[in-house]
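Subject: A structure for you to explore

Hi there,

Here is the structure I promised to pass on to you. Have a look around it first, and then read my notes below.

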Amino acid sequence: MIRRLCAVAAFALALAACGQRDEPAAPAPPPPPEPALEPATYQPAVSRTLAEVRRRGWLSCGVHPELAGFSVRDVKGVWRGFVVDICWAVAAATLGDANAVRFRPLSAAERFTALKNGQVDLLSRNTSWTYSRDVGLGVDFPVVTYFDAQGFMVRRALNLASVHELNGARICVQTGTDAEQNLADFMRARAIDYEAVVVDDAAAARAAYQEEKCDAMSADLSALAAARTVMNSPTAHVILPDVISKEPLGPVVRQDDPVWSDIVRWTVYALILAEELELRSTDVEEAKGLATVPEARRLLGLERNLGGLLGLREDWAFQAIRQVGAYDELFRRNLGEGSALRLARGLNARWNASPSGLLYAPPMR
């Protein structure tokens, strides 16, 4: 009897199990929010320059008077170019409006004086970061925006393959720049005889070269590529493969406001990180509502409010990306495939790209 009751009970349990429906799995709980910054460790900083920029309502930015791809006025008189975009990004980050910029064209000779005298808040003018400038001029170089090198441009008809074939040549070079000293150092070290044709600015160098007052022109490779695009016959000129220097180019600020230096530095890093995180001006608004990657959420102001440490709003980086673009957008439209220069990324590729470059931003945390 007991055996029969057990069998009946087992049968009933089996029937009950067959009649049950699988319940949907409960959703995984969201990750816990990141801990807030510890007030005892991290304190908001104050920038005098930021306060002045906000008081007047616009950023004063010193730029090159005319350098294709980097800084030039279009047919409507609007400033365009890679270093111009850096100014716009800083304005977006600090004022929430990329258009709140007044540009001041500066020659090589007057750029540092204008910065130190307070005529501009930011110098964004293809300026090389060097030891003597960094430690001797009372200025800071917050970040490298473009890794360049000095080279030479010659007429294709000369059929030259190397700078070592320029013995006895006349070479146009701009005064007041590192290019003049680099050229002298390189030629002296290799006992190459040459005549320096020194001119005041890039336009004068280009004009002298086109008028055949010199046999070659020496400047940063990016500047040579820019000059070639506006010559009478661009294809009649070639840039030699030799490079004679390292030229890390970037914005410059006064040395008396380290917080402003941080603001400029991290605005540029925000654009670099945006490329790495695949955030673009065209979709960053949508991405802001969907972001789950912790670093992207911090960059877009969704967690921790890192902007507050610099006296900025929590969406400072979001505004720079949305209004100006990620680093690759700036590069493409001004210097790369979307521009007349059509420069390859080269050293200015991301550290984790293939092929890799030198572009690297510290973590946003």
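Let's begin with the cysteines: if you number the bonded ones of the protein chain in sequence order, they pair as 1-2 and 3-4. That makes two disulfides. Please keep in mind as you read on that this is a predicted model.

C61 and C87 make up one of the disulfides, with their sulfur atoms 1.9 Å apart. This pair links distant parts of the chain: C61 sits in strand β1 (residues 59–63) and C87 in helix α3, 26 residues apart. The torsion about their S-S bond is about -65°, so this disulfide is left-handed. Are these two cysteines buried or exposed? C61 counts as buried because its relative accessibility is 0%, and C87 is buried with a relative accessible area of 0%.

C172 and C214 also form a disulfide, and here the sulfur atoms are 2.0 Å apart. C172 belongs to strand β9 (residues 169–174), while C214 is in the loop between α7 (202–210) and β11, so the bond ties together parts that are 42 residues apart in sequence. The link of C172 and C214 is left-handed, with -105° about the S-S bond. C172 has 0% relative accessibility and therefore counts as buried; C214 is buried too, at a relative accessible area of 0%.

Strand β9 leads us to a sheet. In which order do its five strands lie? The order is β10-β9-β11-β8-β12, in an open sheet with mixed pairing. At the edges are β10 (194–199) and β12 (237–239), each of which pairs on one side only. On average, neighbouring strands of this sheet are turned by 30° against each other, direction ignored. As a reminder, strands of a sheet pair through backbone hydrogen bonds, either parallel or antiparallel. For β8 (residues 150–155) and β11 (residues 216–220), the pairing is antiparallel and runs over five bridges. To find your place there, look for G151, which stands opposite A219 in β11. Helix α8 (residues 221–229) lies across β8, β11 and β12, and runs at about 125° to β11.

Finally, turn to helix α13 (residues 327–334). How many of its eight residues are buried? Six of them are, so to speak, tucked away: the helix is mostly covered. The buried residues are Y327, D328, E329, L330, F331 and N334. They pack against α3 (82–95), β7 (146–148) and α9 (258–276).

Enjoy exploring!

Best wishes

Methods. Residues are numbered from 1 along each chain as its sequence is written. This is a predicted model: local features need pLDDT of at least 70, side-chain atom pairs count only at pLDDT 80 or more; totals for chains, interfaces and linings use all residues. Side-chain values use heavy atoms; hydrogens and water are left out. Two strands pair if DSSP finds at least two bridges between them. Helices (H or I, at least four residues) and strands (E, at least two) are DSSP runs, numbered from the N terminus. Axes are lines fitted to C-alpha atoms, for helices over the stretch in contact, and angles run from 0 to 180 degrees between N-to-C directions. Contact means heavy atoms within 4.5 Å. Buried means under 20% relative accessible area, exposed over 50%, partly exposed in between (1.4 Å probe, protein chains only). A disulfide is a pair of cysteine sulfur atoms within 2.5 Å.
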